[in-house]
Amino acid sequence: MFFSEKKYRKMSVSGRVKKAALITIETMQQLLCGKSIDSSYLKNILSIIEKDISPEWKEPFLSSLSRIPDTLTSKNLRDLSNLRYVLLADIGKEPADWDFECDMDMLQSLDGKTRTERIILPINVYLDDLRSPFNVGSIFRTAESFCYENIFLSQFTPSPAHKRAARSSMGTVELLKWSKAAIDDLPQPLFALETGGVPVSDFVFPESGTVIIGSEESGISSAAIDAARKSLGIVSIPLYGIKGSLNVGIAFGILSFYWINKLKSEKKLL
């Protein structure tokens with residue numbers, strides 16, 4: 001993260017502002033991983049570019065800068081996020097969805113506890129010809145949070161090693177077992193998340209098994225649907241809007257919550 005002040009001052013105005021935004025992002029990444037940081041270096045860099053900020057963004061920049069304490073913690077993420085937005089807006093750049101990555105060894109849960117070992121349940125997910133690497137990474141992140149053991153990928157699902165998948169997974173690709181697999185090789189029993197099935201609130205979730213998630217474009221393949229029908233069947237999330245559609249990563253998160261909640265209520269988890 002460190003960048004010498006002498007070199008920094010020699011950069012163009014837009015280059016200095018862009019670099020300050022990158023340093024702010026890197027600082028946020030460390031805070032997201034549970035670190036506390038001396039803010040003196042960041043504040044010094046920001047003070048240098050104060051004169052470079054356009055009049056349109058000067059007031060929000062100074063306001064955000066004034067709220068940076070000597071020691072930064074996760075409590076300061078919102079102010080840093082606002083500062084990052086101001087810096088990027090000043091040079092006409094939009095924030096990216098995958099700006100944040102961190103060292104998984106330093107990750108903290110929302111309850112503030114650092115965990116070094118995963119809770120693993122014999123539940124799995126099969127990604128049946130997904131198209132978006134971003135969605136693949138999002139599913140990895142959700143699967144890690146809900147104790148999945150394996151993620152199986154069809155032949156045409158993007159690899160978790162894809163740059164966008166790795167970024168949206170927030171490092172969880174390294175925590176979960178994953179492999180390419182054929183439907184016939186999946187851990188039984190099987191069920192599919194698709195329209196026209198049993199409402200998720202009424203579905204009888206198994207203690208172990210594999211849920212099949214389908215393509216964003218064409219849903220689940222006929223072969224996968226047939227395999228699910230021969231096993232536990234289809235589960236659906238009731239929708240009430242005009243569009244009647246959810247992002248595949250969001251739908252997987254909803255299903256995972258119900259599956260884990262069912263196991264907890266039956267005292268088969270934790």
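**Salt bridges and a helix pair, talked through**

A search of the whole of this predicted model finds 5 salt bridges.

Colleague: Happy to dig in! What makes arginine 16 and aspartate 52 a salt bridge?

Modeller: Their side chains approach to 2.9 Å, N to O, and the cut-off is within 4 Å, so the pair qualifies. Arginine 16 belongs to helix H2, while aspartate 52 sits in the loop between helix H3 and helix H4, so the pair ties together parts that are 36 residues apart in sequence. Both residues are buried.

Colleague: And aspartate 70 with lysine 43: why is aspartate 70 called exposed, and why is lysine 43 called partly exposed?

Modeller: Exposed means over 50% relative accessible area, and buried means under 20%. Aspartate 70 has 57%, so it counts as exposed. Lysine 43 has 24%, which falls in between, so it is partly exposed. The closest N and O atoms of this salt bridge are 3.1 Å apart.

Colleague: Lastly, what makes lysine 230 exposed?

Modeller: Its relative accessible area is 74%, and the cut-off is over 50%, so lysine 230 is exposed. You will find lysine 230 in the loop between helix H8 and strand S8.

Definitions and conventions: Residues numbered from 1 in each chain as written. Predicted model: local features only at pLDDT ≥ 70, side-chain atom pairs only at ≥ 80, totals over all residues. Heavy atoms only, no water. Helix = DSSP H or I, 4+ residues; strand = E, 2+ residues; numbered from the N terminus. Buried < 20%, exposed > 50% of the residue type's maximum accessible area, 1.4 Å probe, protein only.
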